[in-house]
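Please go through the structure below with the notes that follow.

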Amino acid sequence: MGLSIAATAVVAAAVLLGLQLHALSELRETATATQRAALRSYTKAVLRGLEDFYRHKARAALDVPAAALRSPEALAAHFGAQDGDGVRSFFAVALGRGERALRFFSPGGRPLALPADAPEARAARVASAPWQLVAEDGGRLEAVTSVVSEQFPAHRVIARPVVDAQGRPVGVAGLLVDEAFVRERYLPAAIEAERARLPEPLREGIAATVRTGLDDAGRAPGADEPDAVELPFRFVFSDWALAVQARLVSPEAWARRSLRINLGLSLLMTAALLAAVWLALRSAARATQLSQMKSEFVSHVSHELRTPLASIRVFGEFLRLGRVSEPEKVREYGEYIEAESGRLTQLVNDILDFSKIDSGRRSLRFEDVDLADVVDETLRGLDVRLRQGGFGVEVRVPAEPLPPIWADRAAVVQVLTNLLENALKYSGGAREVIVELAPEAGCVTLCVTDRGPGIHPAEQERIFERFYRAGGGLVHEAKGSGLGLAIVRHLVEAHGGSVGVRSRLGEGSTFRVRWPTHGA
Ligand SMILES: Nc1ncnc2c1ncn2[C@@H]1O[C@H](COP(=O)(O)OP(=O)(O)OP(=O)(O)O)[C@@H](O)[C@H]1O
Ligand SMILES: [Mg+2]
């Protein structure tokens, strides 16, 4: 039954784990997708912001009236009125066959003197070239839009044609983008400001990096983080990309970690469940065993009670009916009756004692007790039995006086009696018993040794359990209730001492009791 319960527990735990695993993998996918979508919309917002920033600037600042083209003062006034953030310099050039004066202005509108072969001038001319061609052909423009020229990445240009009333390009106004401003001021501020778009847990844990030098496929060197969302810039800086990564534990890692925790917990729960099942089974087995032992005990005790009662009744009847007249026989029968009633009294006392000890009703009166004295007294009480059985008892007491033990004298007598009775009862053919006393640190030890058949190692601990009787052949011969050693252990432990047995089959047994001395 135990196995089937354990198997059920294991299967249930496995099913639970499987379900968890499934739910977690789904959760992981959704969480990853959600996180990526949030990062993507954030990145897009930052990029769109920069694009709008330059588109608006270009539309406002580069909308130069055709008339202003030929007047440096008018151009200075126009550019000076613009917001110069993000602009390194403005320029304007008149198109046509005549003089093509290229004029540069600072963001504040001051004219700048740049040599004709300055890289800025070259970049401005390259950006203007398409409209120059249209102007030379006398063509018209279909739409006026700002155009980005990134031929020279160090001098990015946004340019816009200036058209006359007929829509013919007559000039170009442009600006050189201030890359340092974008990189050091605009992007950090935008990256910060757009955070509010992110869900709360991501907000503090993102890292945004600008990658430059993308190749034609839009890839930056070394950009390979699997979790990063990376989008290219569009309007200006088309060789840049913004990569945003959640520095928080990624959902995958989080899911993996919680899976591990769940796995551990489930294993722990299964182990606990199995342990509980095992404990329940064991205690059920113990309870069954105890009740079996009790019923054995009842049948034992009734047998024990019936046998002496039967002999007492038979001998009593003989005497009453006057069947025996010789005084010798009368005395012998009288002795039987006395001995049998003695056995009965002993048995009843044992049972009462045990029930008292077992229910904690037995109180101990502690005093200093001389153990050697108790041994003498107990052996004297057993004298008749010893002599009748032909037992030799050797008492070994050290020459110097032993320290008194702190004990209830009657309890000590009972412990010694129970041990001696066992030694006599289970002595087999060897009628030799040794009682030995020895002082030890904080206690005096009492050993009772016999040369009987010994006790099987598997039973050496169990014989101290109540009602337990070892299964050897002797048990069937020797009468007993299985309470003697349980009483011994209870009493000794109530004194703060301990009792144990050392025994080898066929060689005998030694029961050793440690009695604490006063103050130990
Ligand atoms: N000296 C011994 N040698 C061998 N077996 C022993 C010895 N002492 C005890 N045992 C075993 O331990 C069992 C329990 O002993 P315990 O004294 O508790 O009960 P009992 O002697 O059977 O009955 P009682 O209650 O009358 O003493 C005995 O049945 C016996 O099998
Ligand atoms: Mg006994």
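F237 has a relative accessibility of 0% and therefore counts as buried, the cut-off for that class being under 20%. The model is a predicted one. F237 lies in the loop that joins β8 (229–232) and β9 (241–246). Its backbone is worth checking: phi is positive at about 55 degrees, although F237 is not a glycine. Most residues other than glycine have a negative phi.

A positive phi also turns up after helix α12. The residue in question is G496, which follows α12 and has a phi near 80 degrees.

Helix α12 itself spans residues 484–494 and is mostly covered, with eight of its 11 residues buried. Which residues of α12 are buried? They are G484, L485, A486, I487, V488, R489, L491 and V492. The cover over these buried residues includes two helices, α7 (327–358) and α10 (409–425). It also includes the strands β15 (498–504) and β16 (508–516).

Is R48 buried, partly exposed or exposed? Its relative accessible area is 43%, so R48 is partly exposed. An α-helix has 3.6 residues a turn, so residues three or four places apart point the same way.

Definitions and conventions
Residues are numbered from 1 along each chain as its sequence is written. Chains are lettered from A and ligands numbered from 1 in the order in which they are written. This is a predicted model: local features need pLDDT of at least 70, side-chain atom pairs count only at pLDDT 80 or more; totals for chains, interfaces and linings use all residues. Side-chain values use heavy atoms; hydrogens and water are left out. Buried means under 20% relative accessible area, exposed over 50%, partly exposed in between (1.4 Å probe, protein chains only). Helices (H or I, at least four residues) and strands (E, at least two) are DSSP runs, numbered from the N terminus. Contact means heavy atoms within 4.5 Å.
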